[in-house]
Amino acid sequence: MNQIEKNNVPAAAQLHEISPITYQNREGKEKRILLVGNSITLHEAKPEIGWHKSHGMAASAQERDYAHLLMAKCTSRYPDAVFCIAQVAQWEQQYANGSALLPQYAAARDFGADVIIMRCIENCHNRTLDPMVLKREYSKLVDYLKSKPTAKVILTTGFWKHNGDCVIRAIGEERGYPVVELGDLGELDEMKAIGLFEHKGVANHPGDKGMQVIAQRIWEVMEHEKV
């Protein structure tokens, strides 16, 4: 079994009461940073699978998920930075019809990001993936969210190796977007929350160590790109 197949956390209903668009330091005046993700970025509490928190699955606390670790790193450089999270698990699940879903991310587009971090792919159906369709729709999602022509875009591959990773790399090469490689992390139990959750899908999400490495790898690229 591929590591990604161990993730049986449903892509549907990852958010029920929480909006797919959330903010931190919304009134800030410095760098505007948009994080586009899925359950690894934000999953609200779902007791039926043993997940009782509302942050990146499966960090032990909000401040230990990769998004908040990365926010802390950014704030060390830009104390009044503004952050927006766009949770796009529904888009991933329905990527072939992704264009029809774009309007629900209008608030993220209107955020006017200076930096966009695309940290999503895992919920796109791996076995039946259509690379051409994914490339078209993923590109449209990036273009929709990139309301500022000068915005810097950073892509990442999946935490678990995914058939769509090659599509992400191709888009990065064609457009000059840096790509952060993460697939090796999903091969290592030490990067997951194994043994901390009864639900195997939750446990196969990144634990605190995995979240820390994800944040560090993205941050290193941000520093290299001077964003």
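This report describes the sheet, the helices packed on it and the aromatic pairs of a predicted model.

## Basis of the model

The structure is a predicted model, in which local features need pLDDT of at least 70, side-chain atom pairs count only at pLDDT 80 or more, and totals for chains, interfaces and linings use all residues. Residues are numbered from 1 along each chain as its sequence is written, and side-chain values use heavy atoms, with hydrogens and water left out.

## The sheet

Helices (H or I, at least four residues) and strands (E, at least two) are DSSP runs numbered from the N terminus. Six strands form an open sheet with mixed pairing, in the order β1-β3-β2-β4-β5-β6; two strands pair if DSSP finds at least two bridges between them. Strands β1 and β6 stand at the edges with a single partner strand each, so one side of each has no neighbour in the sheet.

Strands of a sheet pair through backbone hydrogen bonds, either parallel or antiparallel. Six bridges join β2 and β3 (residues 82–87) in the parallel sense. Gly-37 stands opposite Gln-87 in β3.

## Helices on the sheet

Helix α5 (residues 131–145) packs on the sheet and touches β2, β4 and β5 (152–156), where contact means heavy atoms within 4.5 Å. The direction of α5 makes about 155° with that of β4; axes are lines fitted to C-alpha atoms, for helices over the stretch in contact, and angles run from 0 to 180 degrees between N-to-C directions.

Helix α6 (residues 165–175) also packs on the sheet, touching β5 and β6, and its direction makes about 155° with that of β5.

## Aromatic pairs and charges over rings

The whole structure holds four aromatic pairs. Rings of Phe, Tyr and Trp (its six-membered ring) pair if their centres lie within 6.5 Å; planes under 30 degrees apart count as stacked, over 60 as edge-to-face and the rest as tilted. One of the pairs is Tyr-23 with Phe-111, which is tilted, at 6.2 Å centre to centre and 45° between the planes. Tyr-23 lies in strand β1 (residues 21–24) and Phe-111 in the loop between α4 (106–110) and β4 (115–118), 88 residues apart. Tyr-23 is partly exposed at 29% relative accessibility, whereas Phe-111 is buried at 6%; buried means under 20% relative accessible area, exposed over 50%, and partly exposed in between (1.4 Å probe, protein chains only).

A charge sits over a ring if NZ of Lys or CZ of Arg is within 6 Å of the ring centre and within 35 degrees of the ring normal. Arg-26 lies over the face of Tyr-23, 3.9 Å from the ring centre, and the charged end of Arg-32 sits over the ring of Phe-111, 4.3 Å from its centre.
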